[in-house]
Amino acid sequence: MDERTPLITTIHIAPPRQRYRHNTVRRFYTIAFVSTLIAATLLLLFPVGALIPIRRPHHRHRPAPPESNPLTFKELQEILLSTPKEEKAQEWSKFYTAGPHLAGANYSQVTWTQEKWQEFGIKADIVAYDTYINYPAGHRLALYEKKKTKDFPPEWKLKFEASLEEDVLEEDPTTGLDNRIPTFHGYSASGNVTAPYVYVNYGTYQDYEDLLSANVSLEGKIAVARYGGIFRGLKVKRAQDLGMIGAILYTDPGDDGITTDENGVDLYPDGPAREPSSVQRGSVQFLSIAPGDPTTPGYPSKPGVPREPTTGRIPDIPSIPISYADALPILTALNGHGPSAKDFNKYWNKNLGLKYKGVEYNVGPSPDTLVLNLVNEQNYVTTPLWNVIGVINGTLLDEVIVIGNHRDAWIAGGAGDPNSGSAALNEVIRSFGVALSKGWKPLRTIVFASWDGEEYGLVGSTEWVEEYLPWLTHANVAYVNVDVATRGTKFAASASPLLNNLLYEVASLVQSPNQTISGQTVADLWDGKISTMGSGSDFTAFQDFAGVPSIDLGFGEDPNTPAPGPPVYHYHSNYDSYHWMNTYGDPGFHYHIAIVKIWALFTAKLAEAPVIPLNATDYAIAIQGYLDKVETKLDASIAGIVSEEEEAEARSRPTPALAKGHSHDLKLTFKTLHKAASKLLKAAQAHDAWAAELAEEAGEDIPWWKWFSKLKLYFNIRKVNSKYKFLERKFLYSEGLDGRSWFKHVIFAPGLWTGYSGAVFPGLVEAIDDNDYDNAARWAEVIEGTITKAADSLR
């Protein structure tokens with residue numbers, strides 16, 4: 001038995017006796033008439049269908065008010081636009097950023113969040129998972145130089161000891177907390193290693209290949225890499241694969257654009273440029289292989305479950321993050337040793353932000369007389385993480401909207417990442433609470449999530465999705481994520497194409513905080529670009545594992561900001577603080593409130609529109625565009641043409657192997673793919689047109705005596721909504737991607753060797769990149785099957 005097995009069944013032991021001729025026909029008409037009469041009566045009394053019994057992750061909540069919904073959508077919209085207040089967002093931000101809140105390490109913040117939501121009128125529960133994570137126990141980084149002496153054993157002199165600390169700033173109170181969190185990497189390996197070291201640029205796959213081609217010895221050395229380009233864990237992974245024994249990651253100010261000390265811009269806290277001691281903490285889990293608890297891939301980390309080895313999911317070599325202030329003596333000590341950046345290609349010569357400080361960007365290795373001692377001590381434990389889950393039960397319990405933000409941070413602050421989103425989520429919930437107090441009840445159920453453990457590897461959300469996958473598969477219409485609500489003024493989004501049209505509509509309803517022209521909306525100042533879904537936040541498990549159409553929203557830095565440029569965001573640093581946010585990131589918290597209004601309205605439209613406001617045509621058109629892009633890539637490969645964009649993209653991945661199969665045969669399969677995509681487009685256009693007709697009809701006042709028309713409309717809307725709800729699931733492939741079976745979506749996934757950025761048709765593209773045309777043909781067949789299945793589902 002499972003959660004859907006009925007407790008009572010009827011067992012037929014003999015055929016019923018025929019009472020008279022045409023008994024079957026009589027029974028059919030009798031049942032049809034009675035069923036229709038009952039359905040019509042119910043429809044007049046209640047505007048929705050009965051609840052489908054399924055396992056849901058939360059217990060029964062407060063009953064709906066007996067009267068019909070007293071709020072029109074226009075009135076609800078007005079509440080959601082007028083309730084959010086800047087001073088409230090500031091209050092929530094101050095609370096969340098006042099002290100450390102590492103994953104699994106601040107239960108008082110968990111209960112405060114739960115109690116605050118309950119105060120707003122939302123029933124909230126705490127959902128815990130026993131997860132495998134690490135906490136810092138100690139670290140050291142020291143540069144030693146061998147004395148010139150004939151003594152044996154040789155004497156080593158300490159040349160430089162890194163502070164591995166961020167400076168305490170009087171102007172920024174949380175930077176001086178006694179319990180502030182040390183600098184460290186999540187899921188890093190413990191170790192004490194001493195060896196010569198090599199500067200490896202951004203640590204991309206081809207950066208390492210460049211070094212090997214230049215006969216730079218890597219095995220047994222320590223890698224010094226700059227942040228940027230690809231996910232930090234993949235920098236460490238490639239170093240490990242090449243036999244290196246440790247990794248050090250630093251932030252180069254050359255990647256801060258024009259807002260730099262070199263350009264005369266004042267350093268934080270006196271100005272918007274980077275504070276030299278700032279350190280980017282973060283996880284080094286191999287995120288593009290699988291997120292979540294590395295000991296329970298694909299199933300939830302509940303007490304007593306079997307645990308798998310972590311090999312291949314997190315590093316085996318120690319790594320630590322450092323500031324550019326600490327990196328300076330280490331990099332300058334390499335001056336004159338080995339090739340320099342100018343001896344390599346252009347990818348080594350961009351954004352060299354420490355040249356003005358005397359760094360020549362030589363790669364080394366350091367001579368045998370100059371070694372680094374890297375110590376990383378981590379305490380690995382299996383400990384609870386706590387998600388806070390709130391629910392407003394709708395009339396339709398089998399159509400569910402989930403929205404979420406993660407609460408945990410690497411630091412005491414986190415005013416941008418993630419707690420600008422946490423403050424925004426509280427204001428969204430408070431606004432819906434005001435609507436509830438006026439008697440409103442949503443058509444669809446809304447679930448609110450404050451995730452724990454996102455920073456380590458999307459752990460809290462992944463475990464929750466893995467636990468409630470049957471329910472989500474059955475009921476979840478969409479997931480709406482806000483991680484960093486704001487750290488600047490430029491609106492940005494990534495989404496499943498099903499949600500694009502709704503975002504354009506909502507963005508045009510919210511006033512921009514930047515009113516250079518009176519009345520301009522967020523949409524007026526937005527370039528309209530919506531990126532493809534990658535990874536790096538809590539939408540990953542919904543989109544890539546469960547097949548739930550997802551969206552991620554927020555305001556980021558605007559690179560076109562006039563000099564001195566946009567304020568530098570101190571990512572995962574103590575300086576991502578309330579003081580930084582209220583001084584440079586979002587003074588007055590106006591952009592916080594803009595994202596609250598977008599988030600709330602987007603959720604409300606998903607929850608309240610009789611016809612779910614998704615757009616299958618946008619998805620079909622996007623798929624055609626993705627196919628065109630991949631086919632162009634294949635044509636260029638056949639012709640031996642490499643564009644500048646393709647060349648830059650190829651920096652992150654391995655050098656192609658010898659060809660398997662024939663590219664020209666693969667080229668022929670694109671005819672089938674395009675044919676399937678055209679079939680999907682035709683079906684999508686017909687479905688969207690039908691949905692639009694039903695939406696218009698639903699807005700009309702149908703008199704009670706036209707009960708059959710009302711009944712027919714109801715069932716047609718349920719039918720069209722069901723097709724929308726399940727469309728994204730059609731693109732899941734149960735076997736998953738090659739070498740990373742957790743990722744099930746054939747259209748979207750994070751890049752295997754980039755980690756964060758989105759890849760389209762990942763199985764197909766990765767096979768083409770590897771010159772494995774036989775495997776590419778297999779993936780073309782898989783993709784054609786899913787597109788056809790999607791088209792058929794809309795008929």
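Asn 771 is found in the loop between α21 (762–769) and α22 (773–793), where helices (H or I, at least four residues) and strands (E, at least two) are DSSP runs numbered from the N terminus. With a relative accessible area of 17%, Asn 771 is buried, the term buried denoting under 20% relative accessible area, exposed over 50% and partly exposed the range in between (1.4 Å probe, protein chains only). When its neighbours within four places in sequence are left aside, Asn 771 is in contact with Pro 656, Ala 657, Leu 658, Ala 659 and Lys 660, contact being defined as heavy atoms within 4.5 Å. Ala 692, by comparison, lies 79 residues from Asn 771 along the chain, and the C-alpha atoms of these two residues are separated by 45 Å.

The structure is a predicted model, in which local features need pLDDT of at least 70 and side-chain atom pairs count only at pLDDT 80 or more, whereas totals for chains, interfaces and linings use all residues. Residues are numbered from 1 along each chain as its sequence is written, and side-chain values use heavy atoms, with hydrogens and water left out.

For the protein as a whole, 22 helices and 18 strands are found. The radius of gyration is 28 Å, close to the 28 Å that the globule rule gives for 795 residues, so the protein is as compact as a globular protein of that length; this radius is taken over C-alpha atoms, and the rule is 2.2 Å times the number of residues to the power 0.38. The C-alpha trace spans about 115 × 65 × 55 Å along its principal axes. Of the 795 residues, 57% are buried, and among contacts with a separation of 6 or more, 82% are accounted for by residues 24 or more positions apart. The accessible surface comes to about 32,300 Å², of which 54% belongs to carbon and sulfur atoms, as computed by the Shrake-Rupley method with a 1.4 Å probe.

Helix α5 (residues 205–213) is mostly covered, seven of its nine residues being buried; these are Tyr 205, Gln 206, Asp 207, Tyr 208, Glu 209, Asp 210 and Leu 211. The buried residues of α5 pack against β5 (197–199), β6 (222–226), α6 (232–241) and α18 (644–650). The helix is followed by Asn 215, whose phi is positive, near 60°.

A search of the whole structure finds 41 aromatic pairs, for which rings of Phe, Tyr and Trp (its six-membered ring) must have centres within 6.5 Å, with planes under 30 degrees apart counted as stacked, over 60 as edge-to-face and the rest as tilted. One of these pairs, formed by Tyr 107 and Trp 386, is edge-to-face, at 4.8 Å centre to centre and 65° between the planes. This pair links distant parts of the chain, since Tyr 107 belongs to helix α4 (residues 107–119) and Trp 386 to strand β10 (residues 370–392), 279 residues apart. Tyr 107 is partly exposed at 40% relative accessibility, whereas Trp 386 is buried at 15%.

The rings of Tyr 504 and Trp 526 have their centres 5.3 Å apart and their planes at 35°, so this pair is tilted. Tyr 504 lies in helix α12 (residues 500–507) and Trp 526 in the loop between α13 (522–525) and β15 (530–531), 22 residues apart. Tyr 504 is partly exposed, with a relative accessible area of 35%, while Trp 526, at 9% relative accessibility, counts as buried.
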